[in-house]
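Morning, everyone. Today I will talk about aromatic rings. Please look at the structure first.

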Amino acid sequence: MKTSLATLAVTIPAIAAFAPSSGSAVVPRTNLLGAASTSRLQIANNRIQQDLTFTPPDTSIISEELCTAAASRMKRVMVPVSTDVSDTGYVGVSYIHWKASAKASSATAEKICPLMLVHGFDSSSLEYRRLGPKLAALGVDVYCVDLLGWGYTQLDGVKSFSAQAKVDALKGFWETVGKNEQVVVGGASLGGAAVIEFASQNLYRSGETTDESVRDDGDDYNDSGFVKGTILIDAQGFVDGIGPISFLPSPLAKLGIQVLKSTPLRESANQMSYHDPTTFATQDALNVGRLHCLREGWEESMLSFMQSGGFRPATKVGQITVPSLVLWGRQDGILKGEEFANKFVETLPDGELRWIEECGHVPHLEKPDETAALIREFLDKVKPERREGVGGIFDGLLSLMK
């Protein structure tokens, strides 16, 4: 199913109160293990790799083969974060990688950027179980990443699951797994808010940038930025915070969290997410969307996020100067496209809107073929650039010697 509570995060008052906050400082990066437990890490060639405590989710109660296949691909790696997030300076982030089809890649003359996709509110990377394989078949390298505290990320030993902690863990993930290669990032529903915050902090800018007003603004200019484009799928971008619920005493907040996990609420979200609920709002969909909520520590991680205040993307949308694709299900009953999709296009400096017909809030689940085709088309327009530097100089000298 879809995480679709992201959905509710905007529609149902009790959940709508669930939105954003931030507050932690940008995490300092380190190449040292520090106090990280070696029992959790596998180290090779000075790289921190797999979290050895991780076991992929048990999908035996789910009949959808794509879900089982996706779960079998899931891994968890240790990535650097601030010690405000974890005393060890690392957390385990789970993800699914669908590698680009060699046949599709060889048929393409030019390289395209890899794609990192982020799920919606209280969901997991399994949300992309239908879209990931289709993109890979089209020659796209796809990384579907769980936001810290949701999905199948590390829950024990983590001090904060705030919005900023989630963004910092994403940065640590791409630093570790993607080597800060130029990338296009996409997010669905509340995942769009995470992507907006992440992208605004890590925008790629050509080395030829001469605008001193941009260079002088440390918050806006990042010479080592790597985000070349964004994809916003029925995204939340103009609702900040989570409302009054972030101020509730812990006992009351925990009661609300129990409701979030309940089958009736999840079923309601399931029905609201699709244009064709008869076909897609199945028991399987419900089980996929709820499975991660049964993990020990999920309630505490949700409480931490709620009390942190949630994401605050509204003022950052206009800062996304890289090309952006806004995808919207025409019949989205949760975030109305006529209002929000058009607002994105009006606010983004370089945005284009593509509608997906006969589709609700989750195009990646309801219309994966059409969604994959539009994303591939967009990636063809956002090519990775080569930054000239020492490597470029040596490459040039080598070419003269051939």
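**Rings and their neighbours**

The cut-off for buried is under 20%. Keep in mind that this is a predicted model.

Now, what is the partner of Phe344? It is Trp328. The two ring centres are 6.1 Å apart. The planes meet at 45°, so we call this pair tilted. Tilted covers what is left between stacked, under 30 degrees, and edge-to-face, over 60.

Next, the wider count. How many aromatic pairs does a search of the whole structure find? It finds 10. Another of these pairs is Phe305 with Phe311. Their centres are 5.8 Å apart and their planes are at 50°, so this pair is tilted as well. Phe305 is buried, at 0% relative accessible area. Phe311 is buried, with a value of 0%.

Rings can also gather in a group. Tyr95, Tyr143, Phe173 and Trp174 make up one aromatic cluster.

Last topic: charges over rings. Lys166 has its charged end over the ring of Trp150, 4.5 Å from the ring's centre. Arg330 lies over the face of Trp355. Here the distance to the ring centre is 4.3 Å.

That's my tour. Thank you.

Technical notes:
Residues numbered from 1 in each chain as written. Predicted model: local features only at pLDDT ≥ 70, side-chain atom pairs only at ≥ 80, totals over all residues. Heavy atoms only, no water. Phe/Tyr/Trp six-rings, centres within 6.5 Å; stacked < 30°, edge-to-face > 60°. Buried < 20%, exposed > 50% of the residue type's maximum accessible area, 1.4 Å probe, protein only. Lys NZ or Arg CZ within 6 Å of the ring centre and 35° of its normal.
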